[in-house]
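Dear colleague,

Please find below the structure that I am passing on to you. My notes on it follow directly after the sequence and the model.

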Amino acid sequence: MSPRILFSASEAKWHEYEGHLRHSLSAAGITAELSPDLGPPEEVDYVVYAPDSDVQDFTPFTRLKAVLSLWAGVEDVVGNTTLRVPLTRMVDSGLTEGMVEYATGHVLRHHLNIDHALAHQSGNWVRHVPPLARHRHVTVLGLGVLGAACARALAGLGFIVAGWSRTPRDVEGVTCLSGPEGLEQALARAEILVLLLPLTPGTDSLLNAAHLDQLPPGAVVINPGRGPLIDDEALLAALDRGDLGHATLDVFRTEPLPPEHPFWAHPKVTVTPHIASETRAETASEVIVENIRRCEAGLPLLHLVDRDLGY
Ligand SMILES: NC(=O)c1ccc[n+]([C@@H]2O[C@H](COP(=O)([O-])OP(=O)(O)OC[C@H]3O[C@@H](n4cnc5c(N)ncnc54)[C@H](OP(=O)(O)O)[C@@H]3O)[C@@H](O)[C@H]2O)c1
């Protein structure tokens, strides 16, 4: 029987994904019914899912085999008690490429002090030669798919890179740390800190006043992970005291970031509107279809979310 696949995301996403999903299904030899409107939920086998979509109660989906998230971050769906089937998160080569470009670009901005050059175009010949990357310490919190790829790329540029994760990891060219003492070491050396942790009860407000205090003077924070990883008040206070040099923030506790939020006007904050990276329909469709193929063949799914850990 052909699997029935509900595409549960915005209309714009349907237009972006439909052709790629159909192409990937056909390339995998899967005959399936695919639609954003499949009729009765009890006849749906798979939900391709954006956690902000209309489907929030999975109870009527009585024959569901899996929910395949279009997003890498699953904090908005992982606690849904009506979802009792396997949940996969998005691991997409296009998403990873985008995040590597964002992280390296913003690290290089601060490393090379590009802002200084942009602010001094007044005819003054003032030479500030930046150090080499091999003299600059960068720390990446989170050594998963995205964090490890960014850490590897930064190490490839010559930076002295440390990474921190929940369990011990091994990333070539990167000093890998874990556990509470590991975090202390990772923060103490972070001239530039990149946050690529998922949002879970264990990471919520991880970058609080005490942890911000452990960063070297003038450190720069780059957060393309999730907004609530940072205690906003503590961050603003550290910037205002001059303890921190700058914060480049892509994600926020409230999105869109409200116009009156102090981040917008702060001279030491750069806001990017959650554009660090995006799932790319072409490559993401291949991942979704591969998981459908595996499930239909009775094989284990890729990129399963651990519901207890929250990521
Ligand atoms: N801004 C954007 O455009 C954008 C786009 C995509 C994703 N994101 C964010 O990026 C996050 C990371 O994505 P990913 O694909 O790299 O996730 P991932 O592969 O699941 O990796 C998560 C990493 O965080 C570590 N971690 C989790 N909980 C921890 C804890 N309590 N203490 C220490 N380390 C912990 C994990 O440790 P272990 O290795 O030990 O498991 C792992 O190294 C996503 O969850 C999402 O929030 C943002």
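This is a predicted model: local features need pLDDT of at least 70, side-chain atom pairs count only at pLDDT 80 or more; totals for chains, interfaces and linings use all residues.

I begin with helix α5, which spans residues 179-188 and whose buried residues are G182, L183, A186 and L187. These four cover an arc of only 130 degrees around the axis, which puts them on the same side of α5. E181 and E184, on the other side of α5, are exposed.

The ligand site comes next. The shell around the ligand is made up of 30 residues, and the closest are R89, T167, R169, S277 and Y311.

Sorted by class, the shell holds 14 nonpolar, 11 polar and 5 charged residues. Three elements, α2 (93-111), α4 (145-156) and β7 (160-165), each provide at least two residues of the shell. The largest share, 3 residues, comes from α4.

For T167 the distance is 2.5 Å, and for R169 the distance is 2.7 Å. In the case of R226, a side-chain N or O atom is 3.4 Å from an oxygen atom of the ligand. The ligand taken alone exposes 940 Å², of which the protein buries 93%.

Two individual residues complete these notes. M99 belongs to helix α2. Is M99 buried or exposed? Its relative accessible area is 5%, and because the cut-off for buried is under 20%, M99 counts as buried. Along the chain, M99 and H116 are 17 residues apart, and their C-alpha atoms are separated by 25 Å.

S35 is located in strand β2, which comprises residues 33-35. With a relative accessible area of 16%, S35 is likewise under the 20% cut-off and therefore buried.

With kind regards

Definitions and conventions. Residues are numbered from 1 along each chain as its sequence is written. Side-chain values use heavy atoms; hydrogens and water are left out. A residue is near a molecule or strand if one of its heavy atoms lies within 4 Å of it. A polar contact is a pair of N or O atoms within 3.5 Å; within protein, one must be able to donate a hydrogen and the other to accept it, and residues adjacent in sequence count only if both atoms are side-chain atoms. Accessible areas come from the Shrake-Rupley method with a 1.4 Å probe; for residues, only the protein chains shown count as cover. Ala, Val, Leu, Ile, Met, Phe, Trp, Tyr, Cys and Pro count as nonpolar, Asp, Glu, Lys and Arg as charged, and the others, Gly among them, as polar. Buried means under 20% relative accessible area, exposed over 50%, partly exposed in between (1.4 Å probe, protein chains only). The arc is that of the directions from the helix axis to the C-beta atoms.
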